[in-house]
Structures are given as structure tokens and as C-alpha cells.
Amino acid sequence: MEETYKDRTSLVKGAKDIAKEVKRQAVKKVNKAVDKAQDGYTQRSYSRFQDEEDEDDYYVQGGNYGVEANDDEGSSEATEGHDEDDEIYEGEYQGIPNMGQGKDGMVALGQPMRDEYKDRHELETERKADEEELAQQYELIIQECGHGRFQWALFFVLGMALMADGVEVFVVGFVLPSAETDMCIPNSGSGWLGSIVYLGMMVGAFFWGGMADKVGRRQSLLICMSVNGFFAFLSSFVQGYGFFLFCRLFSGFGIGGAVPIVFSYFSEVLAREKRGEHLSWLCMFWMIGGIYASAMAWAIIPHYGWSFSMGSAYQFHSWRVFVIVCALPCVSSVVALTFMPESPRFLLEVGKHDEAWMILKQIHDTNMRARGQPEKVFTVNRIKTPKQIDELIEIESDTGTWYRRCIVRIRTELYGIWLTFMRCFNYPVKDNTIKLTAVWFTLSFGYYGLSVWFPDVIKHLQSDEYASRVKHFRNEEVSHFVFNFTLENQIHSNGEYINDRFIMMKFKSVTFEDSLFKNCVFEDITSLNTYFRNCTFINTTFYNTDLEQYKFVDSELVNCTFFHIRTGCQISFDDDYSAYWIYFVNFLGTLAVLPGNIVSALLMDRIGRLTMLGGSMVLSGISCFFLWFGTSESMMIGMLCLYNGLTISAWNSLDVITVELYPTDRRATGFGFLNALCKAAAVLGNLIFGSLVGITKAIPILLASTVLVCGGLVGLRLPDTRTQVLM
């Protein structure tokens, strides 16, 4: 009886096993049919890497990044949809749903809810989880790609763009004196040139930073650098002051996008342990741009003999040659950028998996070939991409014409940039944005304010010394004498000049007061800061001179004749000592940044970003107090070099912290906003500190010290990003 029962039990069990196998084979056939249908579609779409069944994993040959290996996941043919007894349970995918399914808000049982049935908060929560997983995975992929030839090639290409930004900051200050003289700019309009360039850079930083988060780092950088190069070249040829301002405005608008895009771009191809050091090395190119601009100004601008003219209407002086030379780094970066790929991190962020994978493979293969390991295979097959949330854009019905479509498109893009910017003030980056705003503003205000104050103070000291060496001549009586030599830094009072000839000579800072000129001849005269005050001219001839009416102050001209008077402003002070000196001072001040750059690059990952940022700003603020003892040119130059050397570490640390605190979808936008704020603080600092030159030392010193120390203390409150992956 017992044996019969056992046989019966075995027979039932065998029947169940057969039934289970039949069910298993049926499920396999259904799943294979579904997979085959899906593969036919997904081969033409990037979304095959984002389907709901596999979005939690990405696979490599012989391994798995980001998650622990699990044989039970990712296969519809094995155990998915089965319980311990191998029974099909409710929720197993059992074929394509019929047309009735999904109506009235119903979805197939066991299927993930489609995006159209989810609210935005739920979609954003899923995207955030995907981004966090991608951050970890991407760090491991970059480590596998290694650091080598590709990163160094991109380093020099982006360095040229950063160098162009450094040149743009210096070029305006160097050409301003010559441009004012060449274009006859009145004193009331001379300040516009410096301010309008910073205005263009401020708007450009915000705009191009936002565009880089929408259309890509490489494409935005190419466009903004092309805009800068085109208008920089054009500005060297225009003659009118208004058109020159227009060109420099758009040149600044273009170069304004360089800093936020360059640092965002380069940080996204660096592994965590390399990021701080190599971003600091990249900062050196800004210093190289300043040295390049100072050296070219020193070598080119004072050589006014390099000029040429086309008739009386077109003049091309040496400062215009300098403007062309300063545009060369920008042109070089544009050419080199055409051979570089887009940031793979950005492509993954916008769901372009295949393009990102190809670029990452290119990075890996380039570095491996350079290491002599061309046989090493890139093992990544699938990378996590965040869920893409479609933005619904309402387009007006009357946008049939092309210009209306362009207006709608531009308005939509600008609105998208504004929305991205507003997200920089959302949790969890809101507190970081506010703190970074305070640090960027205080550092820029103090640095640029003192940077314009130092040269102006040196010029003020020079002018005081120059005025102290003025020669006075009183009650001169000169007749039948030929003056054919240079008169410089002299004051002639109550003199009488009868039948004298002034031929082929230069007047530099010469003033004639209460003097009489009778039967005299002025021929081939060039003058600078020369005036005749309350003088009388009788039967005097002026031939080929630049002595215009405004140089005769309260003077009387009786029976005088003027032939071939050179009107306008003439650049003729070819031996102007102050020009050489200012270029040399700026050259030394920029060169003093080199030691600070090297130290910050070597210590960035060792002592941390926050320690270097706060320490550098506090030490810079303390060094300002040494300005009390600056009573000579040499002492002021020494203080300038010390200040620049201490401040550069703060700039480098701030650049690194900024790119690491913002997530990829807001990185360039947040950096662009802070860089725009930097330019606004620079303009404010120039206005305040420049107005105090020659008046008092106390206010500039105390103001700069206070803002730098306060900014450094705020910087210490930022989160430490040294050990974090790129969000």
C-alpha cells in the first residue's frame, strides 16, 4: 500500500514537472518574441539603454560597475516572473496588451507606470536617483579610461581659450591711452571703453554658461570664441570711437563664456584624484595670457613709427597692431577646438548614450595607445542615462513666418536658460550658491579694485616726481634765435620772443604764461600737454603744427596765419617713458602669480580646496596693510607682486570648488552667473578704488582688507568637495 502511494506521488510530481516545463517554454517563446520586436525598434533609438527592466544596471565584459553582480537580474528568460515553485505569478509580462488596456488611466498589471501617468515631482525624483547612480558609474569609467594624451591635448586647447580671456582683461587697459589720443576721445567718454568691455563679459558669462548646459560645452565654446575673435579683429580697423566701442562690447560678450565653459568642460573628463591639481594647472593659462598681453604691449605700442595712413581719413597706429596680435590666442583655440569631441558627461546627461560611449572609448583608446597598450579593450558596454523629462513648450499659432519662428525660438532658449539659473537656488544647491556668491563678489571686488589702484598710484607717484623736476624760466628775452630741440617739463613766464624760429621740435609738458611772441615762426611742431596761457602773438606764422585753438588759453592772436594745421589727436610721443613703465609694472605683477599657481596646483588635493581658499583670502587681506609703507615706486611694485602671488591660490581654489559643487545640468549656468557677478564687482571696484587715487590710502586699504577677510571666512563654510565624485 505504501509503495503504491509512493508511485502515485511520483507520478503526480512528474506530471507537475512536465506542466511547469511547458509553461516555462511558453513564457520563453513569448518573451523572445517581445524582445525581438523591441530590439527592432531600439536598434534605431538611444532609448534602448533606458528601458525600465534594465535601467538599474549597466554591464561590462567580465564585471559590473556600480552594482553587485546578480545572476537573477536582467534576464527575462531565466527567473523573472517566477516564484520558488516555478509558478507564473500575477505581474509576469505575458504578451502585448490588447487595445483595451491602458484606457481610463489603467495600465497593464505588473508593468512600470508610463511617464505620462506620473506627476513631475515623481519624474524628477526618478531622474535624481538616476543622476546619483550615473555619478558613481561615470567616475569608475573615467578611472578606467585613465589620464593621458587625450586630457593633455584638451588641456592645451582649453588653455588657449582661457589665455584669450586673460588677454581680453588686460588689452583694454593697455590700448586705452593710445586709443583715446588716436580717436580724440574726450575725458567724459574715456571711461566708457573699460566699462563696456566688462559689461559685455558680464552678459556673455551668464548667457554662454546657460547655453553650455543646453546645447553642449564644445559647441558653445566654439561659437563664443568665434564671436570674440571676429569682433576683436574688426575693432583694430575701425576708426570711429562709437563703432570701436560696439566691437569691443561684442568681443567681451564672446570671451565672457570662456571661463565657465572651459572649467566645466575640462572637469568632466578628469578623475576625482586628478581634478583639483589639473584644474589648477589650467588656471596658469590665464596668467600666461596676462604676461603675453603685457609683453606685446611693451614691445609694440610705444613704437608709433609702425603706423601707416591711407589718406587723411584712415590711420593705422601701433596700438591697432597690438589688438590684432592679442586676438591670436582666440583664433588658435577656435581652430584646435574643431578637432576635440563634446563632453561625454554632458551627452549622458541629455540621454545621448551612444555618442557618449563612442567618445569615452576614444578617450580610453587614445590614452592606452599613448601608454603602449593598444590591445587593452574598453570594457564598458552600457552606461546609465538619467530619465529625460520632456519640456512642454507652447508655441503661438501665428508663427508661420521665419522671423516669428526665430523670435519664438530665441525667447524659448532664453526662458530655458532662466529656468536653469533659477534651479541654482533650489535645494540642495541653494546654500552653496549663496555662499559662493559672497566669496566671488568679495574676491573680485578686492582683487580688481586693488589691481586698478596699484598702477594708478604708481602713475600718481610718477607724476608727482615729474612735477617736482619742472624747470621754471622767468623774464626771458630771446630774439633772432632758432629753436630746433625738444623742450620738456618746463614753465616759461613773462618772456619775450622776437623774430625767433621754432622748427622741427617737440614740446612735452611745456607751458608759456604771460609771454609775447612777435614775428615768430612755428614750423613742424609736435606738442604734448603744451599750452599757451594769457600770451600774445603778433605777426606769427604757424606751418604744419598741431597747435590747435584749444591750446591757446586766454591768448590774443594779432595778424597771425596758420598753414596745414594738423587737426585731431596725434600719437607722436614715441619716447613716452610712462607707457613703457606701466607695461613693465603689469608684466611684473602678472609674472608674480607664477609661484602661487605652482604651489596651489601641487597642494590643492593635499591640503584641500577650502583651506587654500580661506587661507589665501585672509593672507591677501592681511598683506594689504603693508601698503601703508608704500611711499615709492619700487615699494608699491613689491606690494603688487606680493598681493598677486597670494591671491592667485584663492582664485584657483574657487574655480575648482565651483565646478564641483554644481551638478552637470547646472554646472556651466551656475559658474556663468558667478563669473558675471565677478565682472560686476570688478567694475564697482574700479570705480570706487580709482576715485580714491591721490586722495587717501586709508579707505582703499581698509576696504580691500575687510572684504577679503570676510570672503575668506565665508569660503571656509563651504562643503569640502575633495573626496566627492562629480555630481
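This is a predicted model: local features need pLDDT of at least 70, side-chain atom pairs count only at pLDDT 80 or more; totals for chains, interfaces and linings use all residues.
A helix axis is a line fitted to the C-alpha atoms over the stretch in contact, and the angle between two axes runs from 0 to 180 degrees between their N-to-C directions.

Select helix H5, residues 217–235, together with helix H6, residues 241–255, whose axes come within 7 Å and cross at roughly 160°. Because angles over 145 degrees count as roughly antiparallel, H5 is described as roughly antiparallel to H6. The crossing in which H5 passes H6 is left-handed. To see what makes the contact, show the side chains of H5, among them Met 225, Val 227 and Phe 231, and those of H6, including Phe 243, Phe 246 and Phe 250. The residues of this contact comprise 12 nonpolar, four polar and one charged.

Next, select strand E12, residues 521–528, and strand E15, residues 541–545, which run parallel and are joined by four bridges. Here Val 521 stands opposite Thr 541 in E15.

Finally, go to Ser 509, which lies in strand E10, residues 501–513. Is Ser 509 buried or partly exposed? Its relative accessibility is 22%, so Ser 509 counts as partly exposed. Leaving aside neighbours within four places in sequence, Ser 509 is in contact with several residues, including Tyr 466, Glu 488 and Leu 528. Now pick Ser 527, 18 residues from Ser 509 along the chain, where the C-alpha atoms of the two are separated by 8.1 Å.

Terms used: Residues are numbered from 1 along each chain as its sequence is written. Side-chain values use heavy atoms; hydrogens and water are left out. Helices (H or I, at least four residues) and strands (E, at least two) are DSSP runs, numbered from the N terminus. Angles under 35 degrees count as roughly parallel, over 145 as roughly antiparallel, 65 to 115 as roughly perpendicular and the rest as oblique. A crossing is left-handed if the near helix is turned anticlockwise from the far one by less than a right angle, and right-handed if clockwise. Contact means heavy atoms within 4.5 Å. Ala, Val, Leu, Ile, Met, Phe, Trp, Tyr, Cys and Pro count as nonpolar, Asp, Glu, Lys and Arg as charged, and the others, Gly among them, as polar. Two strands pair if DSSP finds at least two bridges between them. Buried means under 20% relative accessible area, exposed over 50%, partly exposed in between (1.4 Å probe, protein chains only).
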